[in-house]
Amino acid sequence: MSRENPQTQVFMINLKIRRFDPDENRSWIQKYTLEASRIMRFVDLLRKINDEQDPTLAWVSSCEHGQCGTCSMKVNGKPLLACELLVENAIYYFRTDTFYIEPLNVAPVIRDLIVDFTKAYDRVDQVKPYIIKPVLPRSEGDEFPITPQELERYVNATRCINCFCCAAACISSHETFLGPNAMLNSIVRVMDPREQEKEQRLKILYGYQGVCRCHSSRACSFVCPKEIDVAHFIALAKEGRITKLKS
Ligand code: SF4
Ligand code: SF4
C-alpha cells in the first residue's frame, strides 16, 4: 500500500468516482490512481486529478476548513466533508487504499460530485430557520441577553453548517420527512429565548413532515462533522422537552 517511511510516506490511492454528464444524461464510475502524501485531504486529491489527469471532473468546495459544508460527499458510503478527510485517516478508518466517491443523495446531481443544494435547502427553508418575531430586549439597549444556562441547552445545535451529511445518512424511509438538519434548525429556534413565535414552528415540527418520521437510528449523529448529537435534539423534541425548558 505504501512505500518510503515516516513523514514523507507516499501512498498510491485509487479513487472510484461516480461521474454524471447531464448533456448526455450518462452516469458511470471512473477510476483514478494517484500518489498522495499522508496529510493530503480529499479535496487535494480531487484538485490533483484536475491538474494532472482530468480537468473535466467536476466538484465544489469553498472555505476548505469545515465551515461551509459545500464539499460534502460520500466516501465509501459515509457522508463527510472532503476538506476534513486526510489520506492517512481515510486509510486507517476504512482499512483500504481504494475509495468510492459519490455525491450526496439529498438533491439532484448537476454534474459529477456537484449537487443542486438549492433544492436541498428548500426543506430547511420550510422550517423558517431564523427568528420570526423577536422578543424585546429585557434591558436597555439593542442586545438581548441570554444567560449561559439558557445558551448551554442548545448551543451545540447552533454549530450546524447545513452540510446535509446527516440528511444523506438518515434512514427515515418517509419521503416527506424534512430531514435531521431541518429539524435541528427548527429546534434551535424553539429553544432560542429570543424567539416569540413558537406556534407555527411547532406546527411543522410536530406535523406529518416532522419529528414523527424519525426512527431514532442516530445515524445523523454518527456522521455529523460538527459533532452535533442531532438525534438527541430530535429526541428532546419528540418528548416535548424543548418548550418546557424555557426559563
Ligand atoms: S447537523 Fe451536522 S451533519 Fe447535519 S447538516 Fe448540520 S453540520 Fe451537517
Ligand atoms: S435518528 Fe432520526 S433523523 Fe437521525 S438518521 Fe435516524 S431516522 Fe434520521
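This is a predicted model: local features need pLDDT of at least 70, side-chain atom pairs count only at pLDDT 80 or more; totals for chains, interfaces and linings use all residues.
Local features here need pLDDT of at least 70, side-chain atom pairs count only at pLDDT 80 or more, and totals for chains, interfaces and linings use all residues. Residues are numbered from 1 along each chain as its sequence is written, while chains are lettered from A and ligands numbered from 1 in the order in which they are written.

Start by selecting ligand 1. Around ligand 1 you will find 15 residues (C-beta atom, placed from the backbone, within 6 Å of the ligand), and Cys160, Cys163, Cys166, Asn181 and Cys224 are the closest. Two elements give two or more residues to this shell: α5 (165–169) and α6 (helices are DSSP runs of H or I, at least four residues, numbered from the N terminus). The most come from α6, with 3 residues.

Now show α6 (residues 180–191) together with α9 (residues 230–238): their axes, lines fitted to C-alpha atoms over the stretch in contact, come within 10 Å and cross at roughly 60°. On the α6 side, pick Pro180, Met183, Leu184 and Ile187; on the α9 side, pick Val230, Phe233, Ile234 and Ala237. These make the contact (C-beta atoms, placed from the backbone, within 7 Å).

Note on methods:
Axes are lines fitted to C-alpha atoms, for helices over the stretch in contact, and angles run from 0 to 180 degrees between N-to-C directions. Two residues are in contact if their C-beta atoms, placed from the backbone, lie within 7 Å.
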